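Biologist: I am new to this structure and would like to know what the terms used for its contacts rest on. Please show it first, then take my questions in turn.

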Amino acid sequence: MIEMAFAAEDLVHTRFAISPLWEAVASVRTLRDPGAHALHLPWVETVRPRVAGLDLARLEALLSGRGSYTPDFLTPPPSTPLPDLEDELARLRATPVREVRRELALRFPSRRLPAVLRPLADDTQAELERLAELIGRYWDGALAPVWPRVKGLLDEDVRYRARQITEGGAWRLFRGLHRSVSFAGGSLRVAKPYDSQVDLGGRGLLLVPSAFSWPEVFAVIDQPWQPSLIYPPRGVGTLWEHRHGPDASQALAALMGRSRARILAELDRPATTVELARRLGMGPSRVSQHLGVLCAAGLIAGHRQGRSVLYARTAPGQALVCAPPGSRG
């Protein structure tokens, strides 16, 4: 059991953040052991060919088995609510050499460092640069195409949790995070196969929803890092679902109009305004207008990718598309 002791100041400083870097690293664990992350199998099948040319051995060697320690320098807790991946990779590159070596010793306490990781201990700065470059290339093939959809799910979870705090305070928030998390007597308890007592000391707790953390909860508790709890978001089970058949499409059209229903249904995979216009045979300006309405309704979200904006369904949009027709009335 991990037990985090909260003072009043810690509750005030508790906040949320979304971490692209955490999702990237956690998704490598999913690729390595898809059987333990069966919910993400549709993504695994799509992504494996895209990253087949990347040597992920260094990342895989750093990742622990279930319930074990993974070096925190690999995924430093975000310092802002929504950092860019490049900002997070810059923090990875800037990790002090001494900290990297300390965490490697924690990861491999009773056996020799794997050969693939020896350069990380011997030539730490250069290897951190190579590691950051590898993660960036992996991101481009594995997560950039689906990031708008993933981010939409995470954004919706943060909004939901914020409402819980408003309506019922910290007790209601922590009670609903995960089955292994509980809050009582001023302490947050996380069921883990080891014991640790953590005094937050006025630093507060960083809460990070993560699609690829499913089905586990992870905690960052060691100095010098911000204490953090990484948990699966609500609705993660709908993340890779595809739209239903004609009956569902007709029901959506009756609900919101044919054009918007077609656009929402078409966003099984992220797309730009121009791509949607081409697929649907509609004018780009008309598509843009409908996208604005769907965004305002919280059913889709846009994410800038270079010079383009990719749109994907949020968790509410996904639930609406995938719901049986009779449940929408």
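Predicted model: local features only at pLDDT ≥ 70, side-chain atom pairs only at ≥ 80, totals over all residues.

Modeller: Glu-127 and Arg-130 both belong to helix H8, where they are 3 residues apart, about one turn of the helix.

Biologist: What makes the contact of Glu-127 and Arg-130 a salt bridge?

Modeller: Their side chains meet at 2.9 Å, N to O. The cut-off is 4 Å between a side-chain nitrogen of Lys or Arg and a carboxyl oxygen of Asp or Glu, so the pair of Glu-127 and Arg-130 counts as a salt bridge.

Biologist: Which residues are linked with these two in a network of salt bridges?

Modeller: The network consists of Arg-58, Glu-127 and Arg-130. Arg-58 and Glu-127 meet at 3.1 Å, N to O. That pair links distant parts of the chain, with Arg-58 in helix H4 (residues 57-62) and Glu-127 in helix H8 (residues 124-142), 69 residues apart.

Biologist: Why is Glu-127 called buried?

Modeller: Its relative accessible area is 6%. Buried means under 20%, so Glu-127 is buried. Arg-130 has 38% relative accessibility; this lies between 20% and 50%, so Arg-130 counts as partly exposed.

Biologist: How do you know that Glu-129 and Arg-93 tie together separate parts of the sequence?

Modeller: The two form a salt bridge, with the closest N and O atoms 3.2 Å apart. Glu-129 lies in helix H8 and Arg-93 in helix H5 (residues 85-93), so the bridge ties together parts that are 36 residues apart in sequence. Glu-129 is partly exposed at 42% relative accessible area, and Arg-93 is partly exposed at 23%. A search of the whole structure finds 10 salt bridges.

Biologist: How many aromatic pairs does the structure hold?

Modeller: The structure holds 7 aromatic pairs.

Biologist: Why is the pair of Phe-212 and Trp-240 called tilted?

Modeller: The ring centres are 6.4 Å apart and the planes stand at 45°.

Biologist: What makes you say that the charged end of Arg-234 sits over the ring of Tyr-160?

Modeller: The charged end is 3.7 Å from the ring centre, and the distance limit is 6 Å. An angle limit of 35 degrees from the ring normal applies as well. The charged end of Lys-192 likewise sits over the ring of Phe-218, 5.2 Å from its centre.

Key
Residues numbered from 1 in each chain as written. Heavy atoms only, no water. Phe/Tyr/Trp six-rings, centres within 6.5 Å; stacked < 30°, edge-to-face > 60°. Helix = DSSP H or I, 4+ residues; strand = E, 2+ residues; numbered from the N terminus. Buried < 20%, exposed > 50% of the residue type's maximum accessible area, 1.4 Å probe, protein only.
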